[in-house]
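Here are my notes on this one, as numbered points. Have the model open while you read, and start at the ligand.

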Amino acid sequence: MSRFWSAVVHGLTPYVPGEQPKLDNLVKLNTNEHPCGPSPKVLEAIRAATGDGLRLYPDPNADALKAALARHHGVRPEQIFVGNGSDEVLAHAFMALLKHERALWFPDITYSFYPVYCGLYDIQPRIVPLAEDFSIRVEDYLPRGDERAGAIIFPNPNAPTGRLLALAEVERIVAANPEAVVLVDEAYVDFGGDSAIALVDRHPNLLVTRTFSKSRALAGLRVGYAVGDAALIEALERVKNSFNSYPLDRLAIAGAVASVEDEDYFRASCAQVIETRARLVADLQALGFEVLPSAANFIFARHPTRDGAELTAELRRRAIIVRHFKAARIDQFMRITVGTDAQCAILVAALREILAG
Ligand SMILES: *Cc1c(COP(=O)(O)O)cnc(C)c1O
């Protein structure tokens, strides 16, 4: 604390990201990175972009990336916004589209950056509890008389539960709230869901955000984007161009374009994670864990008799890092990233040993 701080800074509660330990040889299953590396074509494109050209500013609009993404998703480039990770895209969306007189509605158990942005931008949240089975109840997001949302945001699949809401259910929420922006954060959708991008042409109030950090194995490159009606995108561009003209550097643009163009690698590496996930779920269930149905590259699991925080600490002693949240309703769970087959085998063996002890 310092007397030089602004009043805003005094009032902030910053987001705490999962640990990035400096040690090697850890089985790191705590921040949902992809266990396979990025496509070799991505690395090649980044290498090709390192040269004298770095003297020059990048394209402030990242037009090459917007064009590649527009082709990939079958939308127009004006329907795409790109940013320095989807966290930055989300931050701009909170200010540009989710801040209104009426509250912003989101689940009680969800991505913990949402309440942080509410604090940063002075947005009134309305916390909507998930159902007992940790699913999103569509009915809770439908307007009732004068009671309706200023805007709505939720991840699909949700984080950290991994639970997926069917696309038709997403559309019910979007269609029932035509006066409110509905932001669907699809950080994990490539691991088992249908994207709401298919709906953006029908619903001018729908914004979908995506990231290269999870399914494209590029968390270190910091690229995210949003897809929606051109008027929503224009709002994001207005905030971005009042904040930082060049959120994506030359290497990020080159790498991201190459990633979008290597569809085969992308599909195969996601399929690998999905396959490993099925084995991991079965192995944990065999050890007595309850595992929520996951459409993501992580699973959310609890043991009927062993404390989640203690299990997390025991794993850590064995150099295996998973995520535990000290929060109401979920403090008995561990969120475990789906790693390689070898990493998952080490995790399962360690849990077997801990439970036997
Ligand atoms: C990881 C994650 C993000 C942020 O992704 P970046 O693009 O790395 O900033 C956004 N939303 C959810 C739900 C996430 O889990």
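1. Ser 213 puts a polar side-chain atom 2.6 Å from an oxygen atom of the ligand. Arg 222 does likewise at 2.8 Å, and Lys 214 at 3.0 Å. I'm calling these polar contacts, meaning a pair of N or O atoms within 3.5 Å. The protein covers 92% of the 380 Å² of accessible area that the ligand has on its own (Shrake-Rupley method, 1.4 Å probe).

2. Before going further: this is a predicted model, with local features needing pLDDT of at least 70 and side-chain atom pairs counting only at pLDDT 80 or more, while totals for chains, interfaces and linings use all residues. Residues are numbered from 1 along each chain as its sequence is written, and side-chain values use heavy atoms, with hydrogens and water left out.

3. Which residues are around the ligand? They are Gly 85, Ser 86, Asp 87, Tyr 111, Asp 185, Ala 187, Tyr 188, Thr 211, Ser 213, Lys 214 and Arg 222, where a residue counts if one of its heavy atoms lies within 4 Å. By class, the shell splits into 4 charged, 4 polar and 3 nonpolar residues; note that Gly counts as polar and Tyr as nonpolar here. Helix H4 (residues 85–98) gives the most to this shell, with 3 residues. Helices are DSSP runs of H or I with at least four residues, and strands are E runs of at least two, numbered from the N terminus.

4. The ligand takes up the space of the largest pocket. A pocket here is an open set of points on a 1 Å grid over the protein atoms alone, where a 1.4 Å probe fits, with protein on both sides within 12 Å along at least five of seven lines. A molecule sits in one if more than half of its atoms lie within 2 Å of its grid points.

5. There are 14 aromatic pairs, counting Phe, Tyr and Trp rings with centres within 6.5 Å. Tyr 57 and Tyr 246 are a stacked example, at 4.4 Å centre to centre and 15° between the planes (stacked is under 30 degrees). Tyr 57 is in the H2–H3 loop and Tyr 246 in the H7–H8 loop, so the pair ties together parts 189 residues apart in sequence.

6. Please look at the backbone too. Two peptide bonds are cis: Asn 156 to Pro 157, omega near -5°, and Ala 159 to Pro 160, omega near 5°. Ala 62, in the loop between H2 and H3, has a positive phi of about 45°.

Key
A polar contact is a pair of N or O atoms within 3.5 Å; within protein, one must be able to donate a hydrogen and the other to accept it, and residues adjacent in sequence count only if both atoms are side-chain atoms. On a 1 Å grid over the protein atoms alone, a cavity is a set of points where a 1.4 Å probe fits but cannot get out, and a pocket is an open set with protein on both sides within 12 Å along at least five of seven lines; lining residues have an atom within 4 Å of a point. Rings of Phe, Tyr and Trp (its six-membered ring) pair if their centres lie within 6.5 Å; planes under 30 degrees apart count as stacked, over 60 as edge-to-face and the rest as tilted.
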